[in-house]
Structures are given as C-alpha cells and as structure tokens.
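I opened the model to look up helix packing, aromatic pairs and backbone angles. My entries follow.

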Amino acid sequence: MRIALGIHYDGTAFSGWQSQPHGNTVQQALEAALREFGGVALPTTVAGRTDTGVHGIGQVVHFDTDLDRAMFSWVRGVNAFLPKTVAVQWAQAMPDDFHARFSAFERTYFYVLYANPVRSPLLHGRTGWLHTPLDLDAMRTASRVLVGEHDFSAFRSSECQAKTPVKHLYAVDIEQQGDFFIFRFRASAFLHHMVRNIMGCLVSIGRGRQPASWMTHVLASGDRRQAAPTFMPDGLYLARVGYPDRFDVPEPNWAAWPFPMPWTSS
C-alpha cells in the first residue's frame with residue numbers, strides 16, 4: 001500500500017529536511033518515528049526539500065508498506081514518537097501512481113515578516129524581522145514583474161541542482177496586517193533559495209534602498225550578483241503542495257497557522 005502523510009514542522013532547530021550523515025533533519029526524525037511505530041524501516045519521498053530553519057505546514061510525503069494499519073493510527077502512532085516540533089496532520093492511502101514529488105503541479109510558500117523597531121523573542125525563528133518600516137506599494141509593484149514564466153537565474157543559489165532555471169511563477173501576493181507582512185509565492189516549482197533571494201530584493205525595495213523598477217533589471221540580468229543577499233530563512237514556510245483532484249489530497253491544517261491569514265484559502 002502507498003500511504004501519503006501531511007507533515008507540519010517547526011524547522012528552527014533542524015538542519016533542513018533531507019537526511020544527512022550528522023543527523024538532525026526533519027526526514028530523519030520522521031523516519032525514526034515511522035520505524036518505532038511500524039517496526040520496520042519505511043523510507044519516505046518528500047514533495048519538496050526545505051533548508052535549514054525553514055518550516056512546513058503543507059509538506060507531503062509518501063512511503064510504501066505491507067503493514068495493515070488504520071489511517072488514524074498512522075497519525076496518532078507516529079506522532080507518539082516524534083519530537084514536539086514535528087507532527088503528522090493526516091494520513092491517506094493513495095493509488096500506486098501517486099508520487100509526493102512528481103505528481104505535484106505547483107507549490108506555495110509563505111514568508112512571514114515582522115516589522116517593528118523591537119524584536120520579539122516569542123517570534124524568534126518563526127518570522128523574519130526588520131526594525132525599519134516597509135513600503136507595501138513599492139514591493140507589490142516590484143513583485144508584478146516576476147509573475148509569469150521566466151529564467152530566474154538571478155535568484156538561483158550556486159548549489160541549485162535544478163535542470164533548468166526557467167520556472168512559472170503564478171502569483172506573488174503581499175498583505176500587511178499590523179506589524180506583519182505576509183508574502184505568498186505560488187509557482188510550478190522553485191529553484192534553491194529562490195524565494196529567499198526574491199525576498200532579499202523585495203525587502204531592499206520596501207526599505208527604499210532600491211526603486212521598484214530595479215526588480216526588472218535584476219530579473220533580466222540573469223546574474224545572481226545583481227540581486228540582494230539571500231534573506232533569512234526564519235519566516236519561510238512550505239504552505240501547500242498542489243496535486244490533481246483525483247488524488248484528493250487533504251488541505252493543510254490552517255487552524256494551526258499561528259499568524260494572520262490575509263487570504264480565505266491557501
């Protein structure tokens with residue numbers, strides 16, 4: 001049987017998603033819990049690998065097993081062996097052709113930014129922080145340039161292993177609620193550090209260090225050196241992975257989202 005899980009995690013203390021020799025990754029914590037619950041190794045395949053300090057509210061994995069367990073048992077049983085910063089939100093049997101990564105046709109990331117003269121210890125690791133105000137309109141104007149199918153080489157990490165830098169960014173939405181700025185990025189796929197590099201440019205524009213028109217120059221240059229430094233990972237969340245309707249993948253548990261939600265849906 002192929003089973004998919006929805007995973008919610010605080011990535012602050014983890015060295016990213018993917019298993020590494022030194023341990024301390026979300027994947028290793030999840031697979032250790034699966035082994036404890038199932039009594040056998042259950043390797044997982046993930047929808048999207050996240051970096052050190054990046055969080056997930058809509059992460060999806062799948063694995064194959066001969067074990068006959070009720071779906072609610074996979075949720076409660078695995079959660080009993082997970083650290084408090086990781087939780088399975090749902091479990092669902094899937095057809096054999098479902099693939100957590102390759103069946104996905106889009107991904108959505110949120111970035112939460114707290115703009116206040118004084119940092120908040122309660123938000124440490126869970127939001128980005130700036131002590132200066134931001135120009136919302138300038139950031140919105142700059143973000144429109146990015147929408148569409150483009151070569152995003154200027155926002156690509158040197159460690160990126162994607163076969164092509166051409167991606168289709170369907171939408172960038174930016175809303176402000178009090179001191180919180182919520183950024184939503186929805187695309188066919190993302191390059192390594194792409195959202196954080198775009199965030200660096202948007203913040204530079206929002207702070208008045210560059211005009212909104214600068215984003216056009218950066219995108220057209222295809223040169224990572226022309227863009228702003230990579231922004232901090234703290235406020236970045238893999239919010240949702242889109243799959244064809246026939247797989248009936250559950251929506252993320254938005255009741256657990258701890259910040260303002262400017263949009264009525266994911």
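His193 is in the loop between S9 and helix H4 (194-206); helices (H or I, at least four residues) and strands (E, at least two) are DSSP runs, numbered from the N terminus. This is a predicted model, in which local features need pLDDT of at least 70, side-chain atom pairs count only at pLDDT 80 or more, and totals for chains, interfaces and linings use all residues. Residues are numbered from 1 along each chain as its sequence is written, and side-chain values use heavy atoms, with hydrogens and water left out.

**Positive phi**

I read a positive phi of about 70 degrees at His193, although His193 is not a glycine. Most residues other than glycine have a negative phi. Is His193 buried, partly exposed or exposed? His193 is partly exposed, with a relative accessible area of 22%. The classes are buried under 20% relative accessible area, exposed over 50%, and partly exposed in between (1.4 Å probe, protein chains only).

I then looked up Asp248, in the segment after S10. Its phi is also positive, near 50 degrees, in a residue other than glycine. Asp248 is exposed, at a relative accessible area of 56%.

**Helix H1 against helix H2**

I checked H1 (residues 26-38) against H2 (residues 71-79). Their axes come within 9 Å and cross at roughly 110 degrees. Axes are lines fitted to C-alpha atoms, for helices over the stretch in contact, and angles run from 0 to 180 degrees between N-to-C directions. That makes H1 roughly perpendicular to H2. The cut-offs are under 35 degrees for roughly parallel, over 145 for roughly antiparallel, 65 to 115 for roughly perpendicular and oblique for the rest.

Which residues make the contact (heavy atoms within 4.5 Å)? H1 brings Leu30, Ala33, Leu34 and Phe37, and H2 brings Ser73, Trp74, Gly77 and Val78. By class I find 6 nonpolar, 2 polar and no charged residues. Here Ala, Val, Leu, Ile, Met, Phe, Trp, Tyr, Cys and Pro count as nonpolar, Asp, Glu, Lys and Arg as charged, and the others, Gly among them, as polar.

**Val61**

Val61 is in strand S3 (residues 55-64). Val61 is buried, with a relative accessible area of 0%. Its C-alpha is 6.7 Å from that of Gly6, 55 residues away along the chain.

I count 17 aromatic pairs in a search of the whole structure. Rings of Phe, Tyr and Trp (its six-membered ring) pair if their centres lie within 6.5 Å; planes under 30 degrees apart count as stacked, over 60 as edge-to-face and the rest as tilted. Tyr9 and Trp17 have ring centres 5.6 Å apart and planes at 45 degrees, so the pair is tilted. Tyr9 is buried at 3% relative accessibility, and Trp17 is buried at 1%.

Phe180 and Phe259 are also a tilted pair, at 6.0 Å centre to centre and 50 degrees between the planes. Phe180 lies in strand S9 (residues 180-187) and Phe259 in the segment after strand S10 (236-242), so the pair ties together parts 79 residues apart in sequence. Phe180 is buried at 17% relative accessibility, and Phe259 at 10%.

Ring pairs link Phe110, Tyr114, Phe180, Tyr237, Trp254, Trp257, Phe259 and Trp263 into a cluster. The charged end of Arg184 sits over the ring of Trp263, 4.2 Å from its centre.

Conventions
Contact means heavy atoms within 4.5 Å. A charge sits over a ring if NZ of Lys or CZ of Arg is within 6 Å of the ring centre and within 35 degrees of the ring normal.
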